[in-house]
Amino acid sequence: MDLEYSAAEKLFRDDVRAFIGEKLPKDVAAKVLGHKRLSREDYLGWHRVLHSRGWSGSTWPREFGGPGWTAVQQHIFDEECTAAGAPPLIAFGMRMVAPVIMKYGSAAQQQFYLPRILSGEHWWCQGYSEPGAGSDLASLKTTAVRRGDSYVVNGQKTWNTLGHFADWMFCLARTSTEGRAQEGISFLLIDMKTKGISVRPIALIDGEYEVNEVWLDDVEVPLTQRVGDENKGWTYAKYLLTHERVNIARLGESKRELRSLKAIAARVPNDGRPLIEDVRFRDAIAAVEIELRALEYTVLRVLSAEAAGRDPGPISSALKISGSEIQQTLAELKMRALGPRALPHVPEALDAGWQGEPDGAEWWAALAGRYFNMRKTSIYSGSNEIQRNIISHRLLGL
Amino acid sequence: MQFEIDDEQLALQESVRRFLTERYDFETRRGCLAKPAGTSDEIWQAFAEQGFLSIGLPEAQGGIGGATELMLTMEEIGRALVLEPYLSTVALCAPLIADHGTEAQQADLLPRVAAGGLKLALAHGEADARYASTVRAEARRAGDSYVLSGAKATVPDGAVADLLLVSAKAGKLLAVFLVDPNDPGVRVVRYRTHDGRSAADVFFTDVKLRASQMLGSGDATAALERAVQRGIAALCAEAVGAMEAANAATIEYTKSRKQFGQPIGRFQALQHRMADMFVQATQARSMSILATGRCVAPGTLEAGDAASRRRDVSAAKCYVGKAARFVGQQAIQLHGGMGMADELAVSHYFKRLTMIDMTLGDAAHHLAVVSDAVLREVG
């Protein structure tokens, strides 16, 4: 048993850190670290930088253009990027649809889509949830009806993240109403420029624009854009969800946010003394630090088990629950650190470069909104209640 | 970086588990509970024959394995709710002797530990200090000997130990003395603890000690801290074994107990509780591994800085203590009325898990250690 990174892994980390230090634009990093609004170009610019180094597909095997890193190397890479304030690569392409295409897509699909995901040419979004199909995703009603060499797709998708930036959408649609609900679903790849698609923003709790409704009105999708077999989409969708394993813990992000929380607590005055000197507030920081340490070593155990070729068990659900609760606690503490300064709503201060009054808003204005926004983490990607169902069913076998 | 347990280590753990399953089942343990101190000479001798008392000792003294092997053994001790003074003798005191004792002391004492002829207890904590490491017991120099006075409170396994390792101030040093509980001037108030084990308050009134009864030479503060950290890591591992067993018992119970015409394990309120118990036990195992990984092996130079080691070990004990409380309480809750009965193992797991949290610093104490470290980091 050895808790330390190997010498080779440390060299790898230094290499990654040096590259990021040199190439990550300071203004973009400042936006990420300060929770400012990011443009499409902020994401894509960094994506292209990584692509030019051969690192954009950090989780991909070599045969599809990835660097072929071990799970530990991927973890180190993620942690370094996140710590430095690099914009995240859009998971819907890199981590979600790409593994499905690699495993179940045709050779032609692999040749067309994968290089474009890798280069950043195609931004992907997800067409899963519907107004009537959330946790019970298999009850989805969007239909795909065959007409010649195409499907005609009709329906409504929702909670579509950054779809207003996207070029393509992977989409679950009903191709049969026979048998169990899970058995009549197909997995379609849809060009967002296709006639009949309309994207409408959903106003969110923090006043920001992040997710959309996507309406599909007689959208024609060639049969060649279906992944795998008709009516087998549920299998592919489940594969996609299980493929997300340790990334779901958001470990790197929470480690970064813990550092940020401590810096804020050291900076915010509390009756003339730094807030960090207040035992009650500091104990809350210590408590979340301990939770995060437990999450970190659980993640490292999973990586170690995977490297040894062992199945770590129903652990990704545990990582989702703990990881999301920690994200929420950190966001809450960062807001609470502000005291009365958490109250002012100054949305213009979320744009980089804004300066004005109230005083200091350029650094604190985002924090309460982020607290509200982070309530999503225990809801999305399978709510924490669904994760508890998964754990208990696998434990109990009932 | 690798957290995998190798085949040899797994085989050792398996042999401990098999031995305890065969020789120390719940009914056998119940028989031990009825004895005056809860211990069994027969079991202790069998531990010696199996080599379990040599785990973690230096190779020169016939030791087997190191910290990882001790962690795996402690998990089984927890799973089987063993009442023997294993933690005190093998996890706390023997490594302290190996770490700080002279060669002569090691050669004299450690083979006797391995052979099952010497049970040890660490008499360190004092009533006024609560969980702090403040020592007021004092050994005054008198010629080439010492005179020890003071009191130690709630010494785990102090009621059954053949030899006490007593911390005391000796001039400007903090020292550890090897004290026979039968020596003149030593008064041992023995009692049982809620988990069926035993402990003692020990009073020292002008106890005359030869210079050779001082463990090693020089200040023992750092060695004592390392010993306590090893003890904490061992307790974490024991708690992991006990939590897994309590969780397994709870799952089995909810699958067999029927109410409203179905197994109560079909109810989502109970399922989600068990999912949370699983998550906490899983993460407690991660923290147990962290604590063990941060322990300094006896006789080796300290690698890395003491402050970060202290912070990690306290983080582990805090997490495990809280998890132990949650898992224990909920295991009782999900067993319903039967959880309150002495008959089932679950009530015994709950009591042991509770005592583990309350030993060598509870969750609140260790939270404060981490909190103070946060202040030093950024304040």
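**Figure 1. The side chain of D167(A) and the backbone of W123(A).** The side chain of D167(A) reaches the backbone nitrogen of W123(A) at 2.6 Å. This is a predicted model, in which local features need pLDDT of at least 70, side-chain atom pairs count only at pLDDT 80 or more, and totals for chains, interfaces and linings use all residues. Residues are numbered from 1 along each chain as its sequence is written, chains are lettered from A and ligands numbered from 1 in the order in which they are written, and side-chain values use heavy atoms, with hydrogens and water left out.

Figure 2. D167(A) is buried, with a relative accessible area of 16% (buried means under 20%, exposed over 50%, partly exposed in between; 1.4 Å probe, protein chains only). Its side chain makes a polar contact with the side chain of R40(A) at 3.2 Å. A polar contact is a pair of N or O atoms within 3.5 Å; within protein, one must be able to donate a hydrogen and the other to accept it, and residues adjacent in sequence count only if both atoms are side-chain atoms.

**Figure 3. The interface of chain A and chain B.** Each chain brings 45 residues to the contact (heavy atoms within 4.5 Å). Seven salt bridges are found across the interface, where a side-chain nitrogen of Lys or Arg lies within 4 Å of a carboxyl oxygen of Asp or Glu. D372(B) and R282(A) are joined by a salt bridge between their side chains, at 3.5 Å from N to O. On the side of chain A that touches chain B, α8 (251-267), α9 (279-307), α10 (315-337) and α12 (384-396) of chain A each supply at least two residues. The largest share, 17 residues, comes from α9(A).

**Figure 4. The largest nonpolar core.** A nonpolar core is a set of buried Ala, Val, Leu, Ile, Met, Phe, Trp, Tyr and Cys residues joined through side-chain atoms within 4.5 Å. The largest has 183 residues, and F47(B), Y86(B), L148(B), L165(B), F177(B), M243(B) and M287(B) touch the most other members. Helix α7 (residues 221-256) of chain B gives the most to this core, 18 residues. Apart from this core lies another, of 56 residues, including V32(A) and L172(A).

How values were computed: Helices (H or I, at least four residues) and strands (E, at least two) are DSSP runs, numbered from the N terminus.
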